[in-house]
Amino acid sequence: MKGQVVSLHLGLGSGLPKPRVEALELVAGFGAKGDRHAGKDPDRAVLVAGLAAYEKAQGAGIPLPYGALGENLLLDLDPHALPPGARLRVGEALLELSQVCPVCKSLSQFDLRLPKLLYGGRGVYARVLEGGVVRVGDPVLVLAPAR
């Protein structure tokens, strides 16, 4: 399965949406260099979201700017459709999907229906196995989970 990077975001300060950037420097075992969540939990180093989450919100009449879900990487494929442990080759980096991101109340600032609407579909956390630069438009190659 192949996809593409639609948008990249780096949370320098607090709050959502995370500001858009043209490139992210991902560091193995750490996360996105400069992001407020980097270095805290290697299993939750970066948040990968799919356009499907934004389309679901839009379908419910909730237009959201990219970055509103707190994602670092927004892809044109749905990470929730991939098996746990799936690996993604994104630009120079290699990511491994680790756990579904819980929906938190911070999403309520956009619309009170949003946390319930996106429950279990906001995004998936990933470990950074190999660091490197990721840019908007980079291809995404889905690799089978490691056995």
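Visitor: How many residues sit between β7 and β8 in their hairpin, and what is the phi of Gly91 in the turn?

Guide: There are 2 residues between β7 and β8 in this hairpin, and Gly91 in the turn has a positive phi of about 55°. As a general idea, most residues other than glycine have a negative phi. Before we go on, this is a predicted model, so to speak of local features we need pLDDT of at least 70, side-chain atom pairs count only at pLDDT 80 or more, and totals for chains, interfaces and linings use all residues. Residues are numbered from 1 along each chain as its sequence is written, and side-chain values use heavy atoms, with hydrogens and water left out.

Visitor: Which way do β7 and β8 pair, and over how many bridges?

Guide: The general idea is that strands of a sheet pair through backbone hydrogen bonds, either parallel or antiparallel. Here, β7 (residues 87-90) and β8 (residues 93-100) are antiparallel, with 4 bridges. Two strands count as a pair if DSSP finds at least two bridges between them. Strands themselves are DSSP runs of E with at least two residues, helices are runs of H or I with at least four, and both are numbered from the N terminus. In this pair, Val90 has Ala93 of β8 as its bridge partner.

Visitor: Which strand (residues 139-143) also pairs with β7?

Guide: That strand is β11, again antiparallel and again over 4 bridges.

Visitor: Which residues make up the covered face of β7, and which the uncovered one?

Guide: Leu88 and Val90 are on the covered face of β7, while Arg87 and Arg89 are on the uncovered one.

Visitor: How many residues of β5 are buried?

Guide: Buried means under 20% relative accessible area, exposed means over 50%, and partly exposed is in between (1.4 Å probe, protein chains only). For β5 (residues 46-50), 5 of its 5 residues are buried. Val46, Val48 and Gly50 point one way, Leu47 and Ala49 the other way.

Visitor: Which strands pair with β5 in the parallel and antiparallel sense?

Guide: β6 (residues 73-75) is the parallel partner, with 3 bridges, and Val48 stands opposite Leu73 there. β9 (residues 124-130) is the antiparallel partner, also with 3 bridges, and Val46 stands opposite Ala126 there.

Visitor: What is the order of the open sheet of 3 strands?

Guide: The order is β4-β3-β10, with antiparallel pairing. β4 (31-32) and β10 (132-135) are at the edges with a single partner strand each, so one side of each has no neighbour in the sheet. β3 (residues 23-27) is joined to β10 by 4 bridges, and Ala23 has Arg135 as its bridge partner in β10.

Visitor: Where are Gly15 and Pro17?

Guide: Gly15 is in the loop between β1 (2-9) and β2 (20-21), and Pro17 is in the loop between β1 and β2 too. Gly15 is partly exposed, at 40% relative accessible area. The bond from Leu16 to Pro17 is cis, with omega near 0°.

Visitor: Is Tyr119 buried or exposed?

Guide: Tyr119 is exposed, with a relative accessible area of 70%. Tyr119 lies in the loop between α2 (114-117) and β9.

Visitor: How many helices and strands does the protein chain have?

Guide: The protein chain has 2 helices and 11 strands, and along the sequence they follow β-β-β-β-β-α-β-β-β-α-β-β-β.

Visitor: What radius of gyration does the protein chain have?

Guide: The radius of gyration is taken over C-alpha atoms, and the globule rule is 2.2 Å times the number of residues to the power 0.38. With 147 residues, a compact globule would come out near 15 Å, and the chain has 14 Å, which agrees. The C-alpha atoms fill a box of roughly 40 × 30 × 25 Å along the principal axes. Of the 147 residues, 44% count as buried.

Visitor: Among contacts between residues at least 6 apart in sequence, what share joins residues at least 24 apart?

Guide: Contact means heavy atoms within 4.5 Å. In the protein chain, that share is 71%.
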